[in-house]
Each structure stands twice: as structure tokens, then as C-alpha cells.
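Here's a walk through a model, for anyone meeting it for the first time. Have a look at it below, and then we'll go through some of its details together.

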Protein chains: 10
Amino acid sequence: MQETEQGREPGRYGFEEIAANQLEAWPNAYPDRDYVTHFEIPEFTCLCPRSGFPDFATIIVDYVPDKNVVELKSLKLYINAYRNRQISHEASTNAILDDLVALLAPRWIRIVGDFTVRGNIKTVITTEYAIPEYHGPRPELRRFMPAIG
Amino acid sequence: MQETEQGREPGRYGFEEIAANQLEAWPNAYPDRDYVTHFEIPEFTCLCPRSGFPDFATIIVDYVPDKNVVELKSLKLYINAYRNRQISHEASTNAILDDLVALLAPRWIRIVGDFTVRGNIKTVITTEYAIPEYHGPRPELRRFMPAIG
Amino acid sequence: MQETEQGREPGRYGFEEIAANQLEAWPNAYPDRDYVTHFEIPEFTCLCPRSGFPDFATIIVDYVPDKNVVELKSLKLYINAYRNRQISHEASTNAILDDLVALLAPRWIRIVGDFTVRGNIKTVITTEYAIPEYHGPRPELRRFMPAIG
Amino acid sequence: MQETEQGREPGRYGFEEIAANQLEAWPNAYPDRDYVTHFEIPEFTCLCPRSGFPDFATIIVDYVPDKNVVELKSLKLYINAYRNRQISHEASTNAILDDLVALLAPRWIRIVGDFTVRGNIKTVITTEYAIPEYHGPRPELRRFMPAIG
Amino acid sequence: MQETEQGREPGRYGFEEIAANQLEAWPNAYPDRDYVTHFEIPEFTCLCPRSGFPDFATIIVDYVPDKNVVELKSLKLYINAYRNRQISHEASTNAILDDLVALLAPRWIRIVGDFTVRGNIKTVITTEYAIPEYHGPRPELRRFMPAIG
Amino acid sequence: MQETEQGREPGRYGFEEIAANQLEAWPNAYPDRDYVTHFEIPEFTCLCPRSGFPDFATIIVDYVPDKNVVELKSLKLYINAYRNRQISHEASTNAILDDLVALLAPRWIRIVGDFTVRGNIKTVITTEYAIPEYHGPRPELRRFMPAIG
Amino acid sequence: MQETEQGREPGRYGFEEIAANQLEAWPNAYPDRDYVTHFEIPEFTCLCPRSGFPDFATIIVDYVPDKNVVELKSLKLYINAYRNRQISHEASTNAILDDLVALLAPRWIRIVGDFTVRGNIKTVITTEYAIPEYHGPRPELRRFMPAIG
Amino acid sequence: MQETEQGREPGRYGFEEIAANQLEAWPNAYPDRDYVTHFEIPEFTCLCPRSGFPDFATIIVDYVPDKNVVELKSLKLYINAYRNRQISHEASTNAILDDLVALLAPRWIRIVGDFTVRGNIKTVITTEYAIPEYHGPRPELRRFMPAIG
Amino acid sequence: MQETEQGREPGRYGFEEIAANQLEAWPNAYPDRDYVTHFEIPEFTCLCPRSGFPDFATIIVDYVPDKNVVELKSLKLYINAYRNRQISHEASTNAILDDLVALLAPRWIRIVGDFTVRGNIKTVITTEYAIPEYHGPRPELRRFMPAIG
Amino acid sequence: MQETEQGREPGRYGFEEIAANQLEAWPNAYPDRDYVTHFEIPEFTCLCPRSGFPDFATIIVDYVPDKNVVELKSLKLYINAYRNRQISHEASTNAILDDLVALLAPRWIRIVGDFTVRGNIKTVITTEYAIPEYHGPRPELRRFMPAIG
Ligand SMILES: [Ca+2]
Ligand SMILES: [Ca+2]
Ligand SMILES: [Ca+2]
Ligand SMILES: [Ca+2]
Ligand SMILES: [Ca+2]
Ligand SMILES: [Ca+2]
Ligand SMILES: [Ca+2]
Ligand SMILES: [Ca+2]
Ligand SMILES: [Ca+2]
Ligand SMILES: [Ca+2]
Ligand SMILES: [Ca+2]
Ligand SMILES: [Ca+2]
Ligand SMILES: [Ca+2]
Ligand SMILES: [Ca+2]
Ligand SMILES: [Ca+2]
Ligand SMILES: [Ca+2]
């Protein structure tokens, strides 16, 4: 089910929202604390750069915001926009890190790309960024939800 | 990872194989027995007919072949071909049933579409076909693998 | 996150949509088959008729449609509308059954209200309706998703 | 079930207790030890500040008391009081931290808000406070109970 | 935590409520349907008739009410009253069946006593009653909650 | 089942053994090593100091013995003796710590009281003692058995 | 831990009790009902008839008593007595069935021997007996406890 | 580890035992009962008939013997012998059924081939044989062990 | 299913690809970051050096690349090539480490060989390499997928 | 199943092999690396020193070899030899440590004895040895297999 909404073109607004989306930052209301926001995004899909066949992953973000937090709907649409891109496991995971670092300048951030099995091998990429002299929390990776399906 | 193969156009052959694919039937080598073939296909994705946003599901097939069995690679490509279609949960599940019945004329077949949550509601569609006077096995639905991720 | 939408009053449209909602039926596109639609709705909450304290449940619907299917967004809003009602476990589970039978006239339907522990006792109510001479599927109760949290 | 009690207005006392409640501190009977109290509160619900639709979470508290401990029934009623508030995930988690720090002046405290999926993304907020020069236990987050449902 | 209540003797009212309790029946508001109420009561304890040492069990009740349903708080207090009784596994499970049949005259009822290990052997007793010519639901035993602890 | 034994008063010896029991220390046969003994005791029950209603917990002990180890049967009877005591969660967990420290003078010991839900909140108390300058093992808390039931 | 008891030879009484034991029947206090008693006995061990190496199993008993029930301590000692016997998987499972049928003349009984892996193959033997014209319960096999370890 | 044995050629006897093996039948010591023997064999591997790449499966056998039972070591070696055969999922599962029916003439037998994912699709084949007029047990498929790894 | 491909000898190309394969390194596109790549390869099999009987394992690789990453298809074929080698648990795990260190000169790498039970004992080998003065991530071992089967 | 072998006395060779066994050391082929070997041995059984009744445990060994590794079959037979010994939980766990230290002079070794419940208490003993100035791996305890049964 996707909700039908007033003021939206039936059957098309999803495409348009994904195409027009920009990752959006909002002010962090608690900048004095090193708190951690964890996201699990189980519906990532892209296309293999070599074959064009689909790939699937859960993307897990953990970050300690500084001045800004990421707006959730823009993050969802940003993830949706990988659907028709041809990109490798390493490149997509690191690109999400680069884009969120550029947007947020967080104190610390870690992206995990947990991809489904290909060629009988499962691949999980973990990549991380911290500001110099960062001494805040770096929580061990943890899944709070089961995989999609 | 998608395997690079000789004689294939780099970066494009997946698109071409999916576009050109026809569901293919092979002769059933054991037509005298009512045996059950179970498939779990955790990487189904399509687009919502109303919004255009992506939907995700695991498709579970159980069937008792008569004269023919489905060829696995053609089934995979057939499922891949839903990626850019706008189709509802009920329609995709019943369409897979219709297509496999048309191809195989099986003695019995059941399709389950186990979709991810939308609007805080999880939906699972179960649809079934049997030849008249069928008295063979109708096994209770069972998951042999965990969901993708 | 709840999505901010164009043409909606910021901070209020959820209240309005829930208050104005009517359960809505759509035509069943596959009336010739006895197929089963399963819903899990883990975010049910109401108020205890005796104390006013909140109660929580997962509502599980299984039904075989006849001429109509329930529209998903109207079902979500219908469930949301219990939030401020004072109603017992038995009454809410049976009321959902009555309302969906009245709306859909399904061939078969079962509602399970799986409530959280109160007074050190867990309560689960299961109630069911079928048309006379119904011989279609009555699947054993099954959970496809984990509980909320 | 909510217990009917003598001296309470039938059907209303829950509302009244929640409305009248103040978080209450009791003296810590073991102030010489850095011991940890862990609470899991799976029945948190509030309203989205942007849409008014309900949100759900499990709130997990771990703290090392100093002079005072929190009284459990007042904590339950405090959590109940979020039901009709419009508040974001980050704000509710940090507000619970602020309120318990103000009440208890604990040596160390951590609040986790483990929210249900919205927009296909699961969010978990973790926020923490310690007195200066705190060297006591900071246990890794751990769930002792399953989610509600 | 046990709630302190107005009009109750501090530290004693639990004893008094358990001692004074009578299992109580309320009218069934849905007597036209064969619906099932399932209870799980994980905090049963009694004393061994031979040694006096404590025994522990989860009691699971499934029943189809006729004219009456059991009132939940009276059921909790009834179960609490076994705490100081010396009674065997078979006797307690069958006694609960007898008492609920006498109170409710249900259409169908099943009691399961799922006791903890003694002498390296786990014992589970299942006992059932139905009115003559009963053809309603007899659901397979199912646990909706994990054991206590 | 509790074993009937020769030389014991039928139906009563459990009461007598519990009433007469003293926690008992035995010499540690391996005093040169810092080894860890872990106990899980899932059948703890006591009474709420405010209401008199029963409480239930699993008690988890981890300790590094010095000159003495605790005798297991005396520990079981010691735990049994809480059955009729009115004591809070914090007090029982810390009292077990105090009693075992007084008996054993261990190098390190940790007691966890993992109590069942009350008022919709689960409580787990963790309390610990070490001799000055202790540098031996302090293993992360771990459950080796499932909860009772 | 095995309890030291008065009137028993230290270090030896276990051997003597196992050697002297006779399976013992007690009168069934509820002969009018077809109720089911389920036992799980995870500490079965015997010796391979061909090699002499140890084998391990969980023995699961389900039965509907007629005039008699089995006494639990005698059942435990009976199971202990297999420790030094050389007997195959099929023979031990069927022998337990034969011995309990001979002792109890139950209405229905099922023995499952769930053996650990040998030669990379796991073996589970299920054997059953019923009196002629038995129409009482035959519950699906169910494990209520995890395996030993 | 594979055991080195006297009288065996070091490093080679496994090859020789597999090559020389014949499935072997032994007399059934309990021919008067319809008992079920369940085997799980998680270490099946063969080669794909089309590509030559390895396939992996767990083979699950359930059967009710008549005059004979299968000798376990010969069954293990028989399964080992598929390692270098090129055979499809359907063919291997049905061939195991054919070979055990030919050897044993069982009253009832079911073979399940639970293969690992290939081409993003999991396949499980279930095939069954019974003598005419068979009315004995046909237990629902059940896994008693986890998969290999 | 193994895919039939154009330009490949039917039934044979798998053998040829495995025989001809060389582990292949590709340039690391993100050499400035210490990111971790995790692989799980559940379909490892080799032969026991003493008996010739098959062994099975899941191989788990975690590494932090420096100038190069391993190409996934060449890794799969490299693992396939152990199928007919006689090699011990320790030797295969350490050989995979040696080969990947020689190929990649990674900053850090850990290989885990998680072998199935032999002689009633499960063996897991963990071996690790780091460049001198390495201070990057060394994540705790973690399984992201269930075992094969 | 225990394999019948040529050159062995039928029904007796297991006893003889266990009785004659000596723990055996083999040269470590990778002495330059601090790698970890993990064993899980779920079929340990011995006899209680006070009662003579059987005790059961899983023994978990983790060690970093120096010049020698333990030969697996001799380890299995060594464990089998506890079957008829009367020994406490602490003594058996520490004795296995002492014997393996004496045999292997490992760099680091940890033995865990995970015993089944006795007297309603589960006991797990963890004991460890390291050479002076050891700085190699000391992995957190981890179970790779489920318990026996
Ligand atoms: Ca790649
Ligand atoms: Ca950890
Ligand atoms: Ca739909
Ligand atoms: Ca009620
Ligand atoms: Ca079922
Ligand atoms: Ca937010
Ligand atoms: Ca940890
Ligand atoms: Ca009894
Ligand atoms: Ca308290
Ligand atoms: Ca046998
Ligand atoms: Ca079932
Ligand atoms: Ca095939
Ligand atoms: Ca069933
Ligand atoms: Ca080896
Ligand atoms: Ca002891
Ligand atoms: Ca850890």
C-alpha cells in the first residue's frame, strides 16, 4: 500500500518525489550531548555495475550529530534513488557515508551495507568517519529489526 | 557481485536477459509421482500502482508438476521483470499463479506473496489452484530460509 | 517520522484523517478464486473500559474476499480510531469482525486480538465468521512479523 | 484487564492518575554501591509532531542511582502521559533523560528510545548522562524482554 | 512493583485479596459465536505434596465461552491462591479445569500445566472438557509469550 | 516431583530444610586460579513489601572464589527461603550480594536480579563487589539457560 | 550437584538406587478423563551395541493414562539404568515403549528417541501404542524445553 | 577430524569405502509396529549437471520400515557417493527415494532435498512413496537439527 | 540451478573455471579509509588428509584493504578448488589467510574456519594478520547469515 | 551408529580405546601465529562424587597453541573417559585445564564446563591459563553449535 494523497498525480508522485529529492538537514535540538541515532533501512536495492542484475541490502546508519540531523523522509527518498543506479557494494556504502558527512558534518558516523548473497558469498561493508579527536560513543553494531520479508 | 561472462556486453547483459526472457517449461522426469517442488524467492520488488514507490516481497511457490517443470533461470528472470511494473499485492501474487498455471498446467500450485509492511500493516496474499479431483499433497506453508538482508 | 505533505494542515492532518475515515471497500479483482489475504497490525491501542489505562495489541486479520476487498489506508485509519475508545479485549476483537463482515461480506474471516499482559495474564481472543456452506481455506494462525518494538 | 479498585471512580481513575502524576524519588537504600537498575517499558506511545499520527516505542532506562531511586508507579504514569503529546523521537528520548536527571541526579543514566518503523526506516535514539569523573559501570545495551505483542 | 492503593492496608492487601477471592463469572457479550479466549499465566507456583518444596508452572487456558466468561482479576487471585497449597502436577491442572467448568459451563475448555524440570524430567499436563456434541474450534496449543524470567 | 526420601517426614521435610538452612562454605580446591563460577537460579520468588503479592525473578550469580566456594544445596535452600519474605527488587538483589560476600569473601562477585514485569515495566538489578586492587576476570553478563516455564 | 541426604551411603547411594529400582505405577486420580502427560528426559545415555562408545538422546514420552500413572522418580532411575547397557536406537526407544505399556496399560502412548548425530546423520525414532478403538487425543509432537547443555 | 584406524590405508580408506559401498538392509526387529525412523543428513553435496559447479543440500528421510531397516554406515557412504555425480535437485531426491524403496520395500517413505540458494532462489523437493492401502503414520515434516555450519 | 551460458561447454565449464582460476586483485577505490569487508562463504568443502572423507565448513573473512580488494568471483572459484584437496582444518584456514595476504597485502585480515562436527567435537579455527603498527578496526566476529541448508 | 571396523572386536573396541587412550600432542604447523582453536564437546558426562548420579556438560576449549596442538581423536577419548569417574563440576573443568596445559604448554587456554541443571540451579565453570607476558587473543566466549539433543 502506498497512500493516495490529495494534490498528487495518481500513480506518478513517487517517481517525482524520488527524482526531485535533496538530502535535507535540520538543526540538532540537543547539540550539547553526544547522542546516537541509529537507522535501519532494509529496502535498499541497486543494480550490479557489471551485469545490470539487481542487488539488495539493508543499510544501517549510526551517527552522533553535531549541528544538524538528517530529515527522515529525505533520507528515505535518497535511498530509493539508488534503485536504478549501477554501483558496487563498496561504492554504494562509501557513497552514503560521503553524502551524509557532506550534509551533516557529524561528530561520528558509521554506515553498514549488509548485502544479500551473490555467487554463494555474503558481503557486508562497514565504513566509518569521525572528526579529529573524537572521544564520544562508538557503539558496537546492533540490529534492532529483522531483515525484510 | 554478478559474474562477468564471456560473450556478454559488460554492464548490460542483465537488462537484456530480463527483457528477452520467456518463462520456460521442461519435461518432468518423474510424472508418475505427486512430488512437491518448493521455491522461495526473497528478492521480489515492484512498484506501487498508486504512488510509484517500491514494494518488496518474498514469493513462495509450492507445486506438484504434471508433464512439465519450470526452468529455474527463466523463473528468476521472470521475477526480475516485475522490478519496473506498477502492480498491487493481490495482482502480482495472482498473476504469478496465472502465468505458472498457463505454462505448466500443474496438478496443484500455491503462490504466497509475503510483502513488507506499508502503512504499519503487513500483508501476505495466498492463492492456489488445483486440477479437478486433485487428491495429492497440499503441504502446510513453510519457510525454509530466513528473509533477505 | 510521519511525512509532511502538501495541502495538509501541519501537525493536525492525522487527527482529521482518523476522525473523518470510513472503512472503504474496493472490488475484488479475483472473485473466482478463494484466495486468502492476511494482515498483521501491530500498533493497535485502546483504553480499558474500567480504568482508562491504555491497552495494546496486535490485530491479525485473515479473510477470503467475495465481491470486495478492504482498502488498506482506510483499515489503518479505522484501527487508529480505537486509540481513544474504552473497550474490552473481547469487544474490540469482535467489533472488528462485525465491522469487516458488514463492509465486505467475505466468504470467511478470522480476527485475532493478541493483547499484552495485564495482571500477569496474557489474553488472546480469536473470533471467526464464515458464510453458510463455506468449504474454502481456513489457514492455521500464523505470524509473519515479529511484534512491535 | 485493568483492576477495578475500591475508592476509585469506575472507568475514569486511570485518566486521573496519569493527569495528576508527578515523577517521584525515593531514597536509595544502597548508596555506597554503584549498582545498575535496568527498566524496559515496551508500551510507550506518543503522537507525531508533524502529522498527529501515533508513534510507538520501547523505552529502555539504565541508571546508577546516587541518593535517590525513581518510584516505579510514578514512572509508569509518567510514560503514560506521553500518549497525547506531539513530540519527535529525538525530543522524547532526550526529554526522558532530562526529567530523570532532574529528579534523581544519578551518577550515570542512559535512555534508549527504540521506535517502530516509519517510512520504511527504523529509528533508535540513545542518549546518556554521567556526573563528572564518573568511573562506574556503563553496561552495553541489553534487552531482557521481547517486544510487546 | 505492586501498586499502593488508597483504602488498602499497606503491605497486607495482597494477602487479603487472595484469601477472600472467589472466581467470578461475567455474562458473555457474544454468546452467538464460538470464539476462543486464550490465557497464559506464567507465574503459577505451588508446593510439592511429598516434600513441601516449591513447584513452578505456566498455566495455559483456552476456552469457548457459553453464557459466561471468567473475570480476569478473580482468575489471577485464584491462581495466586495455589502458592501455599501442596498439590501434584496432575491434581492442580485437573483442579483448574474442574473449577472453571463448574464456574462457566463453557462449550469447550483445555488447561495445560507446563511445569519446570524436577528430577531431570520436564512434565506438561494437558486436560480438556467439551459439552456433548461440541463441533466448535479446538485450536492446536500455541504459546504467545515466552516463559517468565 | 520432589523425591520421597528415607528418614524424612512425608510432606514436611522441605519446609524444615528451608527453615533450618544456613548458607555453607566449602574450601576452594583451586585457590591459585582466578576462575569464575556462574549460577542461574530461575525459581526465585518473594512477596512485594507494599502489596503482599508475589514477585518472580531469575537470580544470576558470577563469582571468583578466594578461599571458599558456596555449597550448592545450601544456596538452593537459601534462595527458597525468600518465598515468604516481603522485600523489594533492589533489596533482595543487594541482600544476596551481602550474604555471599559475608560468607565467602570472594575476589569478585556480581548478582543480577532479573524480575518479571510489574506495572508494564521490567526491572533488572545488577550489583557487584570486588576486593581492592582486583584485576581478575569480570565477564560480561551471559544467560546459559532459557527462563523457567 | 547431587544432594547429600541423611541415611544414605556417601558417594554410593545413586548407584544403589539405580540398581534396585523398579518402574512403579500409582493409581490415576482422574480416570474419567483422557488427559495427556508429557515428559521430556534430556539426559538419556547408553552404549552402542557395536562399538561400546556412548550414545546420547532426549526421550520424549506422551501418554493418556488409564488406571495408572508412572511414578516420576522410578522413571528417572529407570532411564538412568540405560547408562551401561549396549542397545541400539531402535531397540531402546521400543523397549521404553514396551516397558511402559507393560507397567501402565495406558490408553495411548508415544515414545520419541531423539539421538545425537553419529556418522554425520541424526536419527529420531518415534513409536506408538494405542488400545483398540482408541479415539482420544494424539497430540502432534512438541518440545517444551531446549536440549541439554 | 577423521579417525585413523588400524588396518586402513592412511589417507585413502575413505575413498575406498565410499567406492565399494552397497546400501545395506538389516532385519527390522519390531515389524509388528508402524514406527517412524527420521534421518537428517546435512552434508549432501553433488555437482550441477549443467555447469559442474557444486550443489549442497540437507537430505531428510522419514520412513516406516516393513521387514528391513537401512544400515546407517552404508547410508552415510551412499550419500557420500553423490559428491562427484552431476545430478539435478529433482533427480537426486527422487533417486534416493527409488534406491531406498528398492532396498527396503518400506511401508511408507518420504525424502526431502533441502538445497541451498542458487540464482537467488531456494529449492526444496519433497517426494513420497507408500504401499497400497497404507494407513500408518505420515508425520508432518520436522527439522530436529539446525543446518550445517 | 547453475545457469547455462552461451559460449560455455555444457556440463563442463564449472570444472574448467575452477581449474583455471587465479585469485584476482582489483584496485581499492577507497584507500584513504580503514573500512571493513566481511564475507561469509558457507559452502566450503575439502577432504580429510587422513581418511579421505569429506569435511564441511563456513569460511568467514574480515579484512581492511590497503591498495587492493579481492575480486569476488575469483574468491568463489578459489574456495571451490578446495573440494578435492586433502587438508586439515588448521591448514586450510591458515592457507586461506596466507593466500589472501600474499594477494592483497591488506592492513588487517582475519579468517575463521567454522567446521562441522567430527568425532562429536566441533572445531572452529581463527587466524589473523595485521601490518605492523596497525591501529584500525578489528571487529568482533559476527555472523550475518545462517548456516547453509 | 558407531561404525563397525575391520580388525576390531565387535561390541568392545570402544571400551578398549577409551581405556588405553593417552592425550596426544602433534606439532603445530603454524607456530609463528597466535591463532585460536575452539572446540565444543557437547557429550561430556561424569558421576557426582557425593551421590553417584550422572552429571552432563558441554566442554568448551579455546586455546592458542605454541609448539603443539592436541590430536582430536585422543581428545574425544579423553573426554569419554570421564564417564565413570566421580568428580565435581569445579574439579573436572580445572582438571581438563591442567591436563591440556601439561600436554601442550599452550600460550593461552580457557576451559568452560557448562553443566545441566541440578537442584534447580545451573552451573557454568570458566577457568583459564596464560603464559607470563601473554598479549595474544583472548576471544569472548562464543557458542558455535546448539546443545546436544
Ligand atoms: Ca564488489
Ligand atoms: Ca559485543
Ligand atoms: Ca493492495
Ligand atoms: Ca476483558
Ligand atoms: Ca501446523
Ligand atoms: Ca524525528
Ligand atoms: Ca558485548
Ligand atoms: Ca506428580
Ligand atoms: Ca522496587
Ligand atoms: Ca541403529
Ligand atoms: Ca502444527
Ligand atoms: Ca533442477
Ligand atoms: Ca499440523
Ligand atoms: Ca586437524
Ligand atoms: Ca560442585
Ligand atoms: Ca561481545
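This is a predicted model: local features need pLDDT of at least 70, side-chain atom pairs count only at pLDDT 80 or more; totals for chains, interfaces and linings use all residues.

What are the protein donors of the calcium ion (ligand 7)? They come from E140(D) and E140(F), each giving two OE donors, at 2.1 to 3.0 Å from the ion. E140(D) belongs to the segment after β6 (122-130) of chain D, and E140(F) to the segment after β6 (122-130) of chain F, so this pair joins two chains. As for how open these residues are, E140(D) is partly exposed with 44% relative accessibility, and E140(F) is partly exposed too, with 45%.

Next, the rings. Over all chains, the structure holds 65 aromatic pairs. Take Y30(D) and Y35(D): their ring centres are 6.3 Å apart and their planes stand at 90°, so this pair counts as edge-to-face. Are these two tyrosines buried or exposed? Y30(D) is buried, at 18% relative accessible area, which falls under the 20% cut-off. Y35(D) is buried as well, with a value of 1%.

F44(G) and Y82(G) are tilted, with 5.2 Å from centre to centre and 45° between the planes. This pair links distant parts of the chain, since F44(G) sits in strand β2 (residues 36-47) and Y82(G) in the loop between α2 (72-80) and α3 (89-104), 38 residues apart. F44(G) is buried at 1% relative accessibility, and Y82(G) is buried with a relative accessible area of 1%.

Here are the two pairs side by side:

| Ring pair | Centre to centre | Angle between planes | Kind |
|---|---|---|---|
| Y30(D) and Y35(D) | 6.3 Å | 90° | edge-to-face |
| F44(G) and Y82(G) | 5.2 Å | 45° | tilted |

Rings can also join up into a group. In chain A, ring pairs link F44(A), Y78(A), Y82(A) and F115(A) into a cluster.

Which ring does the charged end of K76(B) sit over? That would be the ring of F53(A), with the charged end 4.3 Å from the ring centre. Over in another pair of chains, K76(C) lies over the face of F53(D), at 4.3 Å from the ring centre.

Chains A and B are worth a look as a couple. Chain B can be superposed on chain A by a rotation of 180° with 0.0 Å of shift along the axis, and the RMSD is 0.0 Å. The two copies are therefore related as by a two-fold rotation axis. Their contact fits into the picture: 100% of the interface residues of chain B are also interface residues in chain A, so the copies meet through the same surface.

Last, a pair of residues picked out by a database record. UniProt, in an unreviewed entry, lists C48(A) and D55(A) under "active site". Where in chain A is C48(A)? You'll find C48(A) in the loop between β2 (36-47) and β3 (54-64), while D55(A) is placed in strand β3. C48(A) has a relative accessible area of 3%, so it counts as buried. D55(A) is buried too, at 2% relative accessibility.

Note on methods. Residues are numbered from 1 along each chain as its sequence is written. Chains are lettered from A and ligands numbered from 1 in the order in which they are written. Side-chain values use heavy atoms; hydrogens and water are left out. UniProt positions are given in the numbering used here, feature names are shortened, and annotations may be inferred rather than shown by experiment. Helices (H or I, at least four residues) and strands (E, at least two) are DSSP runs, numbered from the N terminus. Buried means under 20% relative accessible area, exposed over 50%, partly exposed in between (1.4 Å probe, protein chains only). Donors are N, O and S atoms within 2.8 Å of the metal (3.2 Å for Na, K and Ca); water is not among the atoms, so sites may look incomplete. Rings of Phe, Tyr and Trp (its six-membered ring) pair if their centres lie within 6.5 Å; planes under 30 degrees apart count as stacked, over 60 as edge-to-face and the rest as tilted. A charge sits over a ring if NZ of Lys or CZ of Arg is within 6 Å of the ring centre and within 35 degrees of the ring normal. Copies are superposed by least squares on the C-alpha atoms of residues with pLDDT of at least 70 in both. Contact means heavy atoms within 4.5 Å.
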